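Please open the model in your viewer and keep the selection panel at hand. The stops below say what to select next and what is to be found there.

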Amino acid sequence: MIGDDEMSRYICGENRDQLNMLPMCLDDMIAQDNIVRAIDAIIDNMDITLIGFTHSETKETGRKPYSPVDLFKLYTYSYYNGIRSSRKIEKECYRNIEVMWLINELKPDFKTIADFRKDNKKQIKLAFSKFSMICDELGLISKEIVAIDGSKFRANNGRKAYYTKNKLDKVLAHYAESAERYMALLDACDTQESDSQTTTLSRAEIEEKIKGIKDRVSELEELAKRVEKEGTLYMTDPDARLMRSNNGGGDISHNVQIAVEDKTHLIVTVDVTSESTDYKQFYNMASRAKEELKVEEITAIADKGYYSAEEFAKCKDKGINPIVSKANKSNFSNINYSKLNFLYDKEKDVYICPQGHELSKYKNSREDSQLIRYANNKACTSCPTKDLCTSHKKGRTVSRKKNDHFADEVDKRTKEYMELYKKRQRLAEHPFGTIKRSLGFTYFLTRGTESVRTESLMHFLVYNIKRVINTVGVEKLIGQLQG
């Protein structure tokens, strides 16, 4: 135990048992530049009750509910600080001075907190849009350029909690083998010698194990029927899918899509899909961003994962100008002879190979076919670099889809605005890094596409709030909101 003489050598605090004669005020404990004050001012400025949250209009009789303004402030502050569990949020109400100040020392239980998010999916989406409108009024949003990107977030579904036909066949085979072993042990128990020497299990224990195997096999056979009818089954979150990650691995995930504006790098729209690839998401995200920003025309930038002639065709005459890097889907080991180096001449309707030969349209190409093939077998036969280009005896064939002329327009635009395209990485990839590393959002707590989308919107709303506070500053932002 430290003596009084030794304690006198240290800075000492107040005696915890001493009564304080001065009244304590929570507001005096919160600095004027504390972020919680900015969160309070932002949500007060959003007119939460007009958005239509649950209990925005209360009944004259019955138990009084918590105000949706207070619950939304609590959620926003908690997500801002990486606290997502409703039980952990409940604890903050008892021990966090900033939370006490923010919601006036209210102490909702975890069920009330969890139900608020569950019952207000549509309203949270409207709140996300409302904050974008506030940012627009403050002059923080550009309405000309957006960058689109996606990232995989782990679903609330165990890595092994899914079934395919092959997986079920293997599991059923395993149980069949186990059943045979136990049946053999059961037969061995019929002789006294085997009963005492061959196995340590009694007859009743073996029969119990066989019964357990039969019950499990019955369950798996029912699952097999569902797999045959519905395809792969995901047991916990039916909307999740097994997806590859950038590190070469895979996990059961959701694909989160965002569009980021060019000025303050704020996220203008968010979506969640069960598609593991991005190439069908370009028009969806670009049109959402255009609608959210309320503009007639927008330029959308994306990486080669979004390269799709079909998606570019949808953008035509819709006021969306794609700038997308061309994807090289060729399997050729020699890059000089990939399809990227075969130039299409629109006027002649021919492809020009790296050696300068013209590849014409096949005579047997049907007009109604979606795939048109081009070749020049005569030139290929005498070409000195034929072995580098193709292994086919007759020569190289290049195919083209009906919508490829839309892709040609995008290729031309991308080359013209290459400096603009280079902005994509720092615009669209930075938010995911912040969300995953700073805010701790790498997996979902909720299940189902709609719930997962709501959870994503809360995270990206908090990202936008964090971005605005860091850009403008707490006190200046509060002044602008209250001015």
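A crossing of two helices is called left-handed if the near helix is turned anticlockwise from the far one by less than a right angle, and right-handed if it is turned clockwise. Please bear in mind throughout that this is a predicted model.

With that convention in mind, select helix α3, residues 35–44, together with helix α21, residues 474–482, which pack with their axes 9 Å apart and at an angle of about 20°. Angles under 35 degrees count as roughly parallel, and α3 and α21 are therefore roughly parallel to each other. If you look down through the pair, the crossing of α3 and α21 is left-handed. To see what forms the contact, show the side chains of Ile35, Arg37, Ala38, Ala41 and Ile42 in α3, which meet Val474, Leu477, Ile478, Leu481 and Gln482 in α21. By type, the residues of this contact between α3 and α21 divide into eight nonpolar, one polar and one charged.

At 1.5 Å a residue, the 24 residues of α10 should span 34 Å, and the end C-alpha atoms are 35 Å apart, which agrees. Which residues of α10 are buried? They are Leu168, Ser178, Tyr182, Leu186 and Ala188.

From there, move to Glu292, which is found in helix α13, residues 282–293. Glu292 is partly exposed, with a relative accessible area of 24%, and, leaving aside residues up to four places away in sequence, it touches Ser129, Ser132 and Val268. For a sense of scale, draw a line from Glu292 to Ala173: the two are 119 residues apart in sequence and 53 Å apart in space, C-alpha to C-alpha.

The last two stops concern backbone geometry. Most residues other than glycine have a negative phi.

Select Asp317, in the loop between α14 (309–315) and β8 (320–324), where phi is near 65°, a positive value in a residue other than glycine. Is Asp317 buried or exposed? Asp317 is exposed, with a relative accessible area of 73%.

Finally, select Asp349, which is found in the loop between β9 (343–345) and β10 (350–352). Asp349 has a positive phi of about 60° although it is not a glycine, and, with a relative accessible area of 23%, Asp349 is partly exposed.

Notes: Residues numbered from 1 in each chain as written. Predicted model: local features only at pLDDT ≥ 70, side-chain atom pairs only at ≥ 80, totals over all residues. Heavy atoms only, no water. Axes fitted to C-alpha atoms, helices over the stretch in contact; angles between N-to-C directions. Helix = DSSP H or I, 4+ residues; strand = E, 2+ residues; numbered from the N terminus. Parallel < 35°, antiparallel > 145°, perpendicular 65-115°, else oblique. Contact = heavy atoms within 4.5 Å. Nonpolar A, V, L, I, M, F, W, Y, C, P; charged D, E, K, R; others polar. Expected span 1.5 Å × (residues − 1). Buried < 20%, exposed > 50% of the residue type's maximum accessible area, 1.4 Å probe, protein only.
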